[in-house]
Amino acid sequence: MDGNRRYAKKLNLMEGAGHRAGFSALMSMLQYCYELGVRYVTIYAFSIDNFKRDPEEVQSLMDLLQEKIEGLVKEESIVNRYGVRVYFIGNLKLLKEPVRLAAERAMLATAKNSKEVLSICIAYNSTNEIVHAVQDACEEKLDEVKALEASGAGYGLIRLGGNELDERDYPVKVTDIEKHMYMAVAPDPDIIIRTSGETRLSNFLLWQSAYCYLYSPSVLWPAIGFQHFLWAILNFQRNHFYLDKKRKRP
């Protein structure tokens, strides 16, 4: 959702107005998705790198996030109208307590919704996600090793005396890492939309986007509309065969 600040500056709007306009655009895009049967939607709301911005701006964004998160659980919200389960993805420990608690309440309140899934990446970047997943996978395998050693069963994948491991024998496999990813709650994306004409991913879903179609319209996020959404889908359909073939290749 790139371009909120530039949108506000372009239209000489008050500080924070661009992000509020961006939220309105998000609600419209979510409605398009759910009406057309897109079950999984992931949004990049706040990067870990955004904490480096001016403290006043960060606090303003946190206040807005808390306000909008609390609005998600209201009876008339889009989440409840479409039966959306909400996940907050990222290192939530980095958030201030009011925002973190609001996120936890929203996840609990929508836990029984099962029609659609909305993943909101907040205090997130892919570097942090991958490091977290690798650490958790290694700790899990180490616990398994300790349990086997304690039982006297040993652990067949451990080699002593400096023998090299065959790749197939590595204790930690890709599947072990993937199940510890923050984004394990959703399948890999088919389309990533990055507005403002930017073609870089900015540390977003790097692990999951290897065979994903990247659509980069020049429009700033608050001005995005149905025509951009439709064009993204049409272009994905044109490239689907190629992307699917690459994904299935061993």
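## Charge and surface

The protein chain carries 32 positive and 32 negative side chains, and the centres of the two sets are 5 Å apart. In this count Lys and Arg are positive and Asp and Glu negative, with His and the chain ends not counted, and each charge is placed at NZ of Lys, CZ of Arg, CG of Asp or CD of Glu. The model is a predicted one, in which local features need pLDDT of at least 70 and side-chain atom pairs count only at pLDDT 80 or more, whereas totals for chains, interfaces and linings use all residues. Residues are numbered from 1 along each chain as its sequence is written, and side-chain values use heavy atoms, with hydrogens and water left out.

Of the 250 residues, 40% count as buried, where buried means under 20% relative accessible area, exposed over 50% and partly exposed in between (1.4 Å probe, protein chains only).

## Fold

The protein chain contains 8 helices and 5 strands, which follow one another along the sequence as α-α-β-α-α-β-α-β-α-α-β-β-α. Helices (H or I, at least four residues) and strands (E, at least two) are DSSP runs numbered from the N terminus.

Along its principal axes, the C-alpha trace spans about 70 × 45 × 35 Å. Among contacts with a separation of 6 or more, 71% are between residues 24 or more positions apart, a contact being heavy atoms within 4.5 Å.

## Nonpolar cores

The largest nonpolar core has 36 residues, of which Tyr34, Val86, Phe88, Leu118 and Ile122 touch the most other members. Such a core is a set of buried Ala, Val, Leu, Ile, Met, Phe, Trp, Tyr and Cys residues joined through side-chain atoms within 4.5 Å. Two or more residues each are given to this core by α2 (17–35), β1 (40–47), α3 (55–72), α4 (78–81), β2 (84–89), α5 (97–109), β3 (116–124) and α8 (226–248).

Apart from neighbours within four places in sequence, Val86 is in contact with Leu72, Val79, Met107, Thr110, Leu118 and Ile120. A second, separate core of 13 residues includes Tyr87, Met183, Ala186 and Ile192.

## Salt bridges

The structure holds 13 salt bridges, each defined by a side-chain nitrogen of Lys or Arg within 4 Å of a carboxyl oxygen of Asp or Glu. One of them joins Arg5 and Glu57, with the closest N and O atoms 3.3 Å apart. This pair links distant parts of the chain, Arg5 lying in helix α1 (residues 4–10) and Glu57 in helix α3, 52 residues apart. Arg5 is partly exposed at 45% relative accessible area, whereas Glu57 is buried at 16%.

Another salt bridge is formed by Asp2 and Arg6 (2.7 Å, N to O); Asp2 is buried at 18% relative accessibility, while Arg6 is partly exposed at 39%. Lys52 and Asp49 also form a salt bridge, their closest N and O atoms being 3.8 Å apart, and here Lys52 is exposed at 71% and Asp49 partly exposed at 34%. Salt bridges with shared partners join Asp2, Arg6 and Arg194 into one network.

## Surroundings of Ser196

Ser196 lies in the loop between β4 (191–193) and β5 (213–215) and is buried, with a relative accessible area of 14%. Leaving aside neighbours within four places in sequence, Ser196 is in contact with Asp2, Gly3, Arg6, Pro217, Ser218, Val219 and Leu220.
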